[in-house]
Structure formats: structure tokens, C-alpha cells
Amino acid sequence: MDVVDWLLDSDPAIRWQVLRDLADAPAEQVAAERARVVSDGWGGRLLALQRPDGKWPTGTPTFSSEKAAQWWRSMDASRQGTLFPEWTSIAWSLTLMRLFGVEPGDPAVRDAVARVHANARWEHDGEPFFSGEVEPCINGRAVALGAYYGVDVTAVVARLLGEQMADGGWNCEQENGSTRGSFHTTIEVLEGLTEYERAVGGGPQLSEALRRGQEYLLRRRMFRRLSTGEPMAWLEFSYPTFWHYDVLRGLDYLRAAGVAPDERVTEAVELVRGKQDTEGRWPLENPHPGDMHFAIDDGEGKPSRWNTLRALRVLRWHDSAAN
């Protein structure tokens with residue numbers, strides 16, 4: 001089977017992106033397929049799981065220390081289920097719907113977001129969901145979700161702009177004294193700010209912050225330490241990535257943000273190219289521990305439609321610019 005045909009033999013969440021990004025289908029065909037994500041795809045399945053209080057069914061999170069577990073148990077129940085457990089809480093369920101590409105204006109989606117807006121509070125200190133909290137990584141995600149679903153997150157954007165570090169990145173440990181950016185946090189903030197710019201526009205300050213954040217990735221050639229040039233551990237391609245950075249996520253972000261590829265991405269792009277199998281597909285690697293509502297891929301080590309879609313559009317972005 002041709003790899004594009006294989007990709008199209010899947011859920012509408014994948015099919016509409018294949019039509020748009022790989023098949024150059026007419027806009028009306030793409031829109032019609034995207035509309036099916038809510039009506040008969042994974043997006044509709046996920047929406048149906050949401051409870052009236054805005055939460056999704058979750059278990060009890062597993063923490064690495066008894067202190068963290070006690071913190072969870074001592075929390076008011078209204079605040080549980082926003083960020084934790086990974087990956088079935090509110091933040092990650094809304095993220096999955098965004099990755100699926102549900103239409104934000106669909107009445108069922110608007111209703112789901114309204115429930116979150118009215119009820120959800122962060123575990124940190126009970127802050128309203130779309131107001132963010134204190135960590136830039138979490139606030140970057142709150143901005144991405146708010147901007148995508150049409151909620152005003154301007155105040156959170158302003159906070160993130162004020163927290164950008166001298167190296168152009170962001171770090172969730174800033175409140176604890178960190179002075180250097182983190183790949184994980186920087187990609188979260190970049191995706192959020194780019195979604196915000198796409199939704200409501202920006203200005204010179206936002207444009208400059210995005211440029212500096214993108215340079216943070218590019219100067220490190222997407223996966224290397226700036227100080228020594230040694231590779232970081234971002235070479236396996238997971239999906240969903242959740243809060244984790246990897247090379248494919250970074251490259252796909254640059255593509256979606258309209259950044260022109262230059263020689264600083266070449267090594268990372270060739271790393272992506274080298275993982276393609278003889279049938280033109282890419283495997284799922286390193287799935288992040290934690291429960292999901294339902295499977296959206298065939299399992300670790302097996303050909304992954306999500307990774308194949310993302311890798312093919314990254315190669316198309318890079319190779320078309322080189323020709």
C-alpha cells in the first residue's frame with residue numbers, strides 16, 4: 001500500500017491533516033474531513049467521555065515520592081484531575097482534542113471548553129484553568145489551549161513574554177533559580193505563543209520573543225548542547241509528545257510556524273530521514289509512561305501513522321525549500 005493511502009486508512013484526525021499537508025487536497029475536502037473528527041472520529045469519542053464538571057475520568061496518579069502523593073491526597077477534590085494524572089486529566093484531554101484538530105467553533109467543543117472554563121482549577125494553588133499558574137511550561141500549554149479554543153489568555157501571554165531568559169528559552173525551574181532555558185519548556189511556550197499569534201495576532205514584542213525562542217532551538221541544532229555540542233537525549237520520536245521535547249516535535253513546530261529551514265536543521269532532518277523504513281513509514285518510539293483514554297497508534301516499535309505524517313511533512317518542508 002502506498003504510504004499516503006496507508007495514512008488515509010485511519011481516523012479523520014489523521015486523514016484531514018494528510019489531505020492538507022501531503023495530498024494538497026482542495027480546501028473544501030480538507031474542511032469536510034476535519035468536520036468528521038467530532039462527528040465520528042477520536043475527537044467525538046473523547047468529547048463523549050467528559051463529565052458534566054468538565055473533567056475526564058481519571059485514576060489516581062503515580063508519584064515518585066510519598067511527599068508528592070501526600071500533596072495530592074491533601075488537595076481539595078475540585079483541584080484534582082487538572083494536570084494529573086498523566087495523560088487523562090483536563091489539560092491532556094484538551095491537548096489531544098487540539099492535536100486531533102477538532103473545530104473550536106463546533107457546539108460540542110464549545111460546550112466542553114465552557115465546562116472547563118467554569119470549573120477547572122490548577123492543582124498548584126487553585127488558579128482558574130485559563131489563567132495559568134506559575135510554571136512557564138504549564139502556562140505555555142494554557143496559552144496554546146486558550147488561544148486554540150477562543151479563550152482570552154492575554155494575561156498569561158504577557159507573563160510569559162516577561163519571563164523569557166537571556167538565552168531565548170524558558171524553564172519551568174525559573175521560580176527555583178534556573179537561569180538557562182530548557183528544551184522541554186521552550187517548545188511548550190513556543191507552541192503556545194505561536195497559537196496565540198495565529199489566533200489573535202501579535203506585535204513586535206511577541207514576534208521578537210518567538211524569533212529568540214526559535215533561535216534557541218536552531219543554535220543548538222535542534223538537539224545539541226550549546227556549550228559542548230554533544231547530543232541531548234531527544235532522538236526518539238514519541239506520540240503524543242505531551243510535555244516532552246524531541247527532534248521531530250521541534251522540527252514540526254518550526255514547519256507549522258512558517259520558519260524557513262536553514263543549514264542548522266540539516267542534521268536533525270537527516271536523523272528523521274534515517275528512521276524511515278523500507279515501506280516509507282516511521283515507528284512509534286519511547287511512548288511516555290501513563291494511561292491514555294484509548295489507543296491512537298498500534299504500539300511501540302510498530303509503524304506509526306502519527307509519526308509518519310509528521311515526518312513526511314517535515315521532509316516536505318525542508319526539501320521543498322532546498323529545491
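Predicted model: local features only at pLDDT ≥ 70, side-chain atom pairs only at ≥ 80, totals over all residues.
Colleague: Thanks. And what volume does that second largest pocket have?

Modeller: The volume of the second largest pocket is about 490 Å³.

Colleague: Which residues lie nearest its centre?

Modeller: Those are Leu-83, Phe-84, Glu-133, Glu-135 and Ile-138, out of the 20 residues that line the second largest pocket.

Colleague: Which element gives the most to that lining?

Modeller: Helix H8 does, with 3 residues in the lining of the second largest pocket.

Colleague: Okay, on to the largest pocket. How much space lies in it?

Modeller: The largest pocket holds about 780 Å³ of space. Its lining has 29 residues, and the closest to the centre are Arg-98, Leu-99, Glu-195, Arg-198 and Ala-256.

Colleague: Which elements give two or more residues to that lining?

Modeller: For the largest pocket they are helix H2 (12-21), helix H6 (90-100), H8, H10, helix H12 (247-256) and helix H14 (305-322).

Colleague: And by class, what does the lining of the largest pocket have?

Modeller: There are 12 nonpolar, 5 polar and 12 charged residues in the lining of the largest pocket.

Colleague: Nice. Which residues line that largest cavity?

Modeller: Arg-98, Gly-140, Arg-141, Ala-144, Glu-188, Glu-191, Gly-192 and Arg-249 line the largest cavity. They divide into 1 nonpolar, 2 polar and 5 charged. Arg-98 is in the cavity lining, and Arg-98 is also among the residues closest to the centre of the largest pocket.

Colleague: Let's zoom out. How many helices and strands are in the protein?

Modeller: The protein has 14 helices and 0 strands. Its radius of gyration is 19 Å, close to the 20 Å that the globule rule gives for 323 residues, so the protein is as compact as a globular protein of that length.

Colleague: What does the C-alpha trace span along its principal axes?

Modeller: The C-alpha trace spans about 55 × 50 × 40 Å along those axes.

Colleague: And how many of the residues count as buried?

Modeller: Of the 323 residues, 55% count as buried. The accessible surface of the protein comes to about 14100 Å², with 49% of that belonging to carbon and sulfur atoms.

Colleague: What about contacts with a separation of 6 or more: what share comes from residues 24 or more positions apart?

Modeller: Residues 24 or more positions apart account for 65% of those contacts.

Colleague: Last topic, Ser-304. Where is Ser-304 found?

Modeller: Ser-304 sits in the loop between helix H13 (266-273) and H14.

Colleague: Is Ser-304 buried or exposed?

Modeller: Ser-304 is buried, because its relative accessible area is 0%, under the 20% cut-off for buried.

Colleague: Which residues is Ser-304 in contact with, leaving aside its neighbours within four places in sequence?

Modeller: With those neighbours left aside, Ser-304 is in contact with Trp-6, Trp-282, Pro-283, Leu-284 and Asp-297.

Key. Residues numbered from 1 in each chain as written. Heavy atoms only, no water. 1 Å grid on protein atoms, 1.4 Å probe; cavity = no way out; pocket = protein on both sides within 12 Å on 5 of 7 lines; lining within 4 Å. Nonpolar A, V, L, I, M, F, W, Y, C, P; charged D, E, K, R; others polar. Helix = DSSP H or I, 4+ residues; strand = E, 2+ residues; numbered from the N terminus. Rg over C-alpha atoms; globule rule 2.2 N^0.38 Å. Buried < 20%, exposed > 50% of the residue type's maximum accessible area, 1.4 Å probe, protein only. Contact = heavy atoms within 4.5 Å. Areas by Shrake-Rupley, 256 points an atom, 1.4 Å probe, with all protein chains shown as cover. Points joined across faces, edges and corners; volume = space filled by probe spheres on them.
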